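Hello,

Here is the structure I promised to pass on to you. Please have a look at it first, and then read my notes below.

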Amino acid sequence: MFEATLRDLIASQITAIEAGLVVLNIEKYIPSTIGTRSFIDILAKDARGRWVLIELKRSDAASREAIHEIYKYVEAVKGHLGARDDEMKAIIVSTEWKELLVPFSRFVHDTSISISGVKISVSEPDRDIKAEFIRPLELTSGRVLSPWHEISLYTSEGRLAEGIASYDASCKAKGINDYVMVEMKASEGFYEHSVLCTAASLHGIRGGAGELTEEEIADVASKMDRLDHMIYFVPQLQTAEEYLEMIRVDPEQYEEAKEFSCQMEGDELLCSLQEYALDANPKVDRDYFEIGYPAKFRCKLLVDEAWTITKVHRRGAFARNAVLTDETILGEIEGDAGTSGQRLKRTIRLSDKAEFAQLQKDVAEALPNNPVWAGMVRAQLEEARTEFPRGTAETSIFAPSTGLMTLFFATTQEQGISYVPSYTILIRSDADVCRAYVGELLAADDAAQPPEAFTDILMKYYSGDLGSLIMSMTWGGYEARDIDMLEDLGLIYGSFRCDIQGEEREFFRMKNNRWRSVGQIDPYTEFGSYLERNERLLRIIVNKLSPRIGGAICDGSSADRQLEDSIDPVTEAKGKYHLDAPEDCDICSIPLAGETFFSDGRLQSSPEWANMCADCSVYYGEGIGWGIGQLYRKESNDRWLMVGGSSDEGDDSDDEE
Ligand SMILES: [Zn+2]
């Protein structure tokens, strides 16, 4: 049915939409100063004398963007009719609501005017209209789903089924009603590949020379479960009060949660409360656990490891909302909407002022901690609009704001580059791409970072506490001070431009707020050479962090504190100093000058010995004791005193005084 036909049909049966409505105009012209199209499909008045704007959306296509048009009408009508917000309301009418629901719900959440959604169907042959009101999704701060997820892994299909049942039971007991469980299966050969990778890294850590042996691989395989089944669990985001209510079932957890909840705020508070709520008894049955977050779902699970989604289990509001598609839900989990502050994807017509204004606003929202890129993207969109007024702009921003962790992900993940912040704006005129804007992390200069950089960052941002850095992994490594931190590591948020005309390419780099012509640029080469140059810094970061961030575990404990337990007063009293203390840790190569402890000890299940910083001592060393390892502590005179692991008798060795 044509839009005009449908519109006239609705106008003739307007009371089917709402009792008491009276049609004033069809295709009412509103002289608008801000919009492109200035016709309201139907202008009506309701029983209370309010203006009613009825906007028709006939198809599903492009509706995510189309919903923004309503902003335009509302503004125009307010101006034209001199109406206040409370004197008007809008009704969006559509036959299809699948793709409209999420943007509609956000719109309802964000606007102060009264707006409702109606799904209509037309019965043939009488052409009677049946209308059904659409319930918007409950949103907290513009979000549908929580950005903090859970990954539960299982050894068999049977265990997976038990896992699903236990999730349902656990959620029911706590009053968690609305959630999604994405059932996934590992790709062919995934387990064998993981065994090989683990064996190889153990081989490396133990300082093994030569090829990895069959025995080593078999040994890892015997200790590693095959975990081919996964539940990716995502609950609806709740308010702090609602979370506390859920935790109430577990009195012990409740007291604890209530106590710390007054010391936190914002996302950190919500993230911790959600964790408490999910951890409260009764617990979920699982064989292995990991934390999840939007970038991990997309980059690691779906792209890197190629898991297959076998089923999307929807509960509560997600099950009731039949018009919400699985695709939309999966898009939300990946953080599509930009409201997770990580990702924004949208195509607009540069000539459409409302679309343009909305995108400018959303860019700022998607880049809350990155004024550099927010400013560049907005200026570049303006520039493109001036030069290609009839073109389209396809914008894609990925800004995870992960600070120091950015370097960790870039190095340790298989497709590390997909964890690195970037953006592209493709400008098309007449279907062909005529310009591309690209945002990338660039090295500030060609110098390598000093090896102390890691310790310095830790001191400056986390008061020297590795634990606080590690705990940021609980919410996906998100770090509001990201831009400062990366700058301290010699990385800046930069931007390139490429003008395309036929086969010809011209490149520019943004410098001091203007474009400078440069030679050919390949994506990520600058960042890649930064990684190469700073191989040592990366080795330190990876060795310090990876043993503490193994899947489920976020071990935020202090290695220094653990080593303090190994201090033995007898050894200490001997007053023996290390005569020729090493400069760096043999394992991670961190300079020992910035450390409190180091040990000279044997590596776990290996005959090799090494000088190790505190962290490496705890994770890779056999322990402290005679014949295993000696512990040294830096004294105020900057010398290293042996404080643990000497023999009970007299002299231990000859390199101490
Ligand atoms: Zn070390």
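**The hairpin and its neighbour**

Strand E14 and strand E15 (residues 432-443) run antiparallel and are joined by seven bridges. Please keep in mind as you read that this is a predicted model. The two strands E14 and E15 make a hairpin, with two residues between them. In that turn, Asp430 has a positive phi of about 55°.

E14 (residues 422-429) also pairs with strand E13 (residues 392-398), again in the antiparallel sense and over seven bridges.

**The six-stranded sheet**

Now for another part of the chain. There is an open sheet of six strands, in the order E1-E2-E3-E4-E5-E6, and its pairing is mixed. Its edge strands are E1 (22-29) and E6 (128-134), each of which pairs on one side only. On average, and ignoring direction, neighbouring strands of this sheet are turned by 30° against each other.

Inside the sheet, E3 (residues 51-57) and E4 (residues 88-94) run parallel, with seven bridges joining them.

**The core**

Which residues have the most contacts inside the largest nonpolar core? They are Leu53, Tyr232, Ala277, Val377, Cys585 and Cys613, in a core of 149 residues. Beyond its neighbours within four places in sequence, Leu53 is in contact with Ile40, Leu43, Tyr73, Val77, Met88 and Ala90.

**Two packed helices**

Last, a helix pair. Helix H16 (residues 405-412) packs against helix H21 (residues 535-545) at an angle of about 90°, and their axes are 10 Å apart. Angles from 65 to 115 degrees count as roughly perpendicular, so H16 is roughly perpendicular to H21. On the H16 side, Leu407, Phe408, Thr411 and Thr412 meet Leu538, Ile541, Val542 and Leu545 of H21. Sorted by class, this contact of H16 with H21 has six nonpolar residues, two polar ones and no charged ones.

Enjoy exploring!

Best wishes

Methods
Residues numbered from 1 in each chain as written. Predicted model: local features only at pLDDT ≥ 70, side-chain atom pairs only at ≥ 80, totals over all residues. Core = buried A, V, L, I, M, F, W, Y, C linked by C-beta atoms within 7 Å. Buried ≥ 20, exposed ≤ 12 C-beta atoms within 10 Å, placed from the backbone. Contact = placed C-beta atoms within 7 Å. Pairing = 2+ DSSP bridges. Helix = DSSP H or I, 4+ residues; strand = E, 2+ residues; numbered from the N terminus. Axes fitted to C-alpha atoms, helices over the stretch in contact; angles between N-to-C directions. Parallel < 35°, antiparallel > 145°, perpendicular 65-115°, else oblique. Nonpolar A, V, L, I, M, F, W, Y, C, P; charged D, E, K, R; others polar.
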